[in-house]
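Subject: Structure handover

Hello,

Here is the structure for you to look over. My notes on what was found follow below it.

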Amino acid sequence: MTRHGPRHIHADMRPALFMLRNLGTACIASVTDMAVGYPQALVRRAGHPVIWIGGLIGMLDRRLNTPDATPAKRRANGLVASWLIVSVPTAVAVLVDRAIRRVLPQWLALPLTAVLASSLVAQRSLHDHVEAVAIQARDSLPAARRAVSHIVGRDPEQLDMAGVLRAATETLAENFSDGIVAPLLWMAVGGLPGAVFYKSVNTADSMIGHRTPRHEAFGCAAARLDDLVNLPASRLSALWIILAALTLKGMNARDALRILRRDARHHRSPNAGWPEAAMAGALGIRLSGPRAYNGVSVAEPWVGDGPATLRPADLCRALALYRRACLIQTLAGVTATALLVRASRPRRSR
């Protein structure tokens, strides 16, 4: 007679429990960030994980990206730097995650890990920064330019009011993908270490992944890796936006899908075009188009069919669409968790 002991049962259940823990972490982290965000007082006292990762990137940039190095040497050093940028924070996250689960019971370890992981999601922060642009745009153009300067890389002094509002809407769409959907997706796959892995890649791209004389070669590996890890989230973010448009009055889900299919691949970014096109179609507006970076004009194709002369009300509509898309994503995560819990329960023999 064969006896199925606890060890055998535990081994069989291990993959399901791993998936369940990660999904639960992502759901709790999403709700936590949505409710309270990352307190600024904590930023001032202890910093933020992105700041810590940024410190590592800056140190590697100074030491490995020297002016006297050849382009080939810079490219090789950039590959080494990218490996360190990803592996060091992820390894620390693995150690922290394991330490929490060894010291604390599961019912306490899971929410604590999720609260820590919520610092890597930017739902509330992104909403507040974009909302500030909408509020200031009702006051004056200079005030709107100051507000948008905190969230865009282009020169705000070159933007008229419509340009400011388009820039804020584009940032909302793009950062919905790489600031919310992507970290939560990687968290659902790999828990806290998965989210740290993604955030390390994304922060590296934002700091050294630019096509400038200094970072063209050194940041090549970081930029390519960021494109790769953001690919699934960009498609998923477009889906959430289309589903959100289905549930909101005055939004057009059919046009969101049409513009997505037509314009997403024409965007300068292989990933940002997906949420941007979906949002432009849902709102009935035009985004992207010509812009200026550091005084240099860049001709970019338009995304969408509607008017490009946005008003503050259009940005408020974009925020409503964003909030609904975030809610749909969280509900999808909770539903997936509930289904996995049900599937993981041992069946009673008759």
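Phenylalanine 176 and tyrosine 322 are both buried. Please keep in mind that this is a predicted model.

Aromatic pairs

A pair of aromatic rings is described by the distance of the centres and the angle of the planes. Phenylalanine 176 belongs to helix H8 (residues 161–208) and tyrosine 322 to helix H12 (residues 312–344), so the pair ties together parts that are 146 residues apart in sequence.

The other aromatic pair is made by tryptophan 186 and phenylalanine 197. Their rings are 5.1 Å apart centre to centre, and with 55° between the planes the pair is tilted. Tryptophan 186 has a relative accessible area of 22% and is partly exposed, because the buried class needs a value under 20%.

A charged group also sits at a ring: arginine 286 lies over the face of tryptophan 302, 4.5 Å from the ring centre.

Helix H8 and its partners

How do H8 and H12 run relative to each other, parallel or antiparallel? Their axes come within 10 Å and cross at roughly 10°. Angles under 35 degrees count as roughly parallel, so H8 is roughly parallel to H12. On the H8 side the contact uses Leu165, Ala168, Thr169, Leu172, Phe176, Ile180, Val181 and Leu184. These meet Pro312, Leu315, Ala318, Leu319, Tyr322, Ala325, Cys326 and Gln329 of H12. By class, 14 of the residues in this contact are nonpolar, two are polar and none is charged.

H6 contributes Gln123, Leu126, Val130, Val133 and Ala137 to the contact. From H8 come Met161, Val164, Leu165, Ala168, Thr171, Leu172, Asn175, Phe176 and Ile180. The class count for H6 with H8 is 11 nonpolar, three polar and no charged residues.

Glycine 163 lies in H8 and is buried, with a relative accessible area of 3%. Its C-alpha atom is separated by 31 Å from that of tyrosine 198, which is 35 residues away along the chain.

Alanine 195, also in H8, has a relative accessible area of 0% and is buried. Leaving aside neighbours within four places in sequence, alanine 195 is in contact with Leu120, Pro183, Trp186 and Met187. Trp186 is a member of the tilted pair described above. Alanine 195 and serine 118 are 77 residues apart in sequence, with 9.4 Å between their C-alpha atoms.

Valine 196 is in H8 and counts as buried at 11% relative accessibility. Not counting residues up to four places away in sequence, valine 196 touches Pro89, Thr90, Ala93 and Leu120. Leu120 is also in contact with alanine 195. From valine 196 to proline 49 the C-alpha distance is 8.6 Å, across 147 residues of sequence.

Helix H9 (residues 220–246) and helix H10 (residues 253–263) pack at about 155°, with axes 8 Å apart. That makes H9 roughly antiparallel to H10. Ala238, Ile242, Ala245 and Leu246 of H9 make the contact with Ala253, Ala256, Leu257 and Leu260 of H10. By class this contact has eight nonpolar residues, no polar ones and no charged ones.

Asparagine 271 is placed in the loop between H10 and helix H11 (273–283). Is asparagine 271 buried or exposed? Its relative accessible area is 7%, so asparagine 271 is buried. Beyond its neighbours up to four places away in sequence, asparagine 271 touches Asp226, Asp227, Asn230, Leu231, Ser234 and Arg235.

Regards

Conventions: Residues are numbered from 1 along each chain as its sequence is written. This is a predicted model: local features need pLDDT of at least 70, side-chain atom pairs count only at pLDDT 80 or more; totals for chains, interfaces and linings use all residues. Side-chain values use heavy atoms; hydrogens and water are left out. Axes are lines fitted to C-alpha atoms, for helices over the stretch in contact, and angles run from 0 to 180 degrees between N-to-C directions. Helices (H or I, at least four residues) and strands (E, at least two) are DSSP runs, numbered from the N terminus. Angles under 35 degrees count as roughly parallel, over 145 as roughly antiparallel, 65 to 115 as roughly perpendicular and the rest as oblique. Contact means heavy atoms within 4.5 Å. Ala, Val, Leu, Ile, Met, Phe, Trp, Tyr, Cys and Pro count as nonpolar, Asp, Glu, Lys and Arg as charged, and the others, Gly among them, as polar. Buried means under 20% relative accessible area, exposed over 50%, partly exposed in between (1.4 Å probe, protein chains only). Rings of Phe, Tyr and Trp (its six-membered ring) pair if their centres lie within 6.5 Å; planes under 30 degrees apart count as stacked, over 60 as edge-to-face and the rest as tilted. A charge sits over a ring if NZ of Lys or CZ of Arg is within 6 Å of the ring centre and within 35 degrees of the ring normal.
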